[in-house]
Amino acid sequence: RSNTYLDMGCPGLLDYETVKIVRMKDKRLGFLYYFFLFAIFVYIGLWTIVYQQRYLYEESPVGSVRMSLLQPHTRKPSKTLPYCLQASKKINNFNNYNCTYWDEKFVLYPVLEDHDVFCTSRVTISDEILDNCSLSEHDCHYKTQSETTEYVADFEEFTLLIDHSYYTTIEQGNAVSLKGQLLDVNGNQMNVTKPSQVGIMNKPDIFELKLILEASGINSLDGKSDTNDKESYRYTGVVLLLFIEYSNKVSYNLSNIEYTIRVSRVEDTEFKSEQPIYTKDISHGRIMWNRHGIRLVVIQVGTIGKFDIQVLFISFTASLGLFAVSTLVVDTLATKILPKKKAYSEYKYFETPDIRD
């Protein structure tokens, strides 16, 4: 009686469903099934496991960077440099300024930073004195007496040495022991000529500043700045990110570690740094150097991997569920879409009579 009441309230509620194996003799379904199995095998075995190397335990490297700037060996006369006032008044409709021949000690500011470097392309020098007051007074301020703006001559020909190393628990090393290459904004390898050199075994990486600019997509510092249509990159400065990516997945020889370098420009930014120079008593006056130029930030990224059987098993097990998808797809086609779907459904689904004591 209790069973009768259950059937009246919720018929089929307590029915039990089990799996039945049906061999359907239809070559179309068999072809589809084994085609899906083959495609899944190719995806798991060849694409995921072999090509993407999902059998590797991977670590992201950390490292250190040392940078050193050097002035050009030969300096060009300012009258031959198109951005100097000694040559012409304007370039690309931007005002030119007198050029001065700074060496690397003046151009680089500050001298030592971790993973960062700032190279000065333009400086505005202000001579400031106190406005008839004392710094002990709350409303005392410096007043600008005179101001001049100068460009650094041969700025693009300065060379920057970048000595970088990496560390993981798997492997560690220095760039001089590795092969590398410089990529442009489209990911293509750039042609590097002397005095620059990149990715040469047993030699440090050396970049002319113009090469770094070209890699970021800036063909000339005398182009229009992102922040002001009336000023050039040389005048406003620019922020660049230099990515060094290490990898031992360039081939299946895991001992072969290489690196690539690419440079990205941070859009709509300029960079400046103000440097006070006290040549007299602080209570009398000071000189302010308002520096603009290239701010280069080095970021080390990448992956170093080693074979790990546990990682292989996890990757393979996570993909096994795809085999059930092939059965589901073929069953759906057979019982819902193909012309003989009614016949397929009758063979696949079988309902027993009511069996109970």
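Guide: Start with the axes: they are lines fitted to C-alpha atoms, for helices over the stretch in contact, and their angles run from 0 to 180 degrees between N-to-C directions. Helices here are DSSP runs (H or I, at least four residues; strands are E, at least two), numbered from the N terminus. The model is predicted, so local features need pLDDT of at least 70 and side-chain atom pairs pLDDT 80 or more, while totals for chains, interfaces and linings use all residues. Residues are numbered from 1 along each chain as its sequence is written, and side-chain values use heavy atoms, without hydrogens or water.

Our part is helix α7, residues 321–337. Take its contact with helix α2, residues 27–51. The two axes come within 9 Å and cross at roughly 155°. Therefore α2 is roughly antiparallel to α7 (over 145 degrees; under 35 is roughly parallel, 65 to 115 roughly perpendicular, the rest oblique). The crossing of α2 and α7 is right-handed (the near helix is turned clockwise from the far one by less than a right angle; anticlockwise is left-handed).

Which residues of α2 and α7 meet? Contact means heavy atoms within 4.5 Å. From α2 come Leu29, Leu32, Tyr33, Phe36, Leu37, Ile40, Tyr43 and Ile44. From α7 come Leu322, Phe323, Ser326, Thr327, Val329, Val330, Leu333 and Ala334. The contact of α2 with α7 counts 14 nonpolar residues, two polar and no charged. Nonpolar covers Ala, Val, Leu, Ile, Met, Phe, Trp, Tyr, Cys and Pro; charged covers Asp, Glu, Lys and Arg; the others, Gly among them, are polar.

Now turn to the contact of α7 with helix α6, residues 309–319. How do the axes of α6 and α7 cross? They come within 4 Å and cross at roughly 15°. That angle makes α6 roughly parallel to α7. In α6, the residues in contact are Thr317, Ala318 and Ser319. In α7, they are Gly321, Leu322 and Phe323.

To α2, helix α7 is roughly antiparallel; to α6, helix α7 is roughly parallel.
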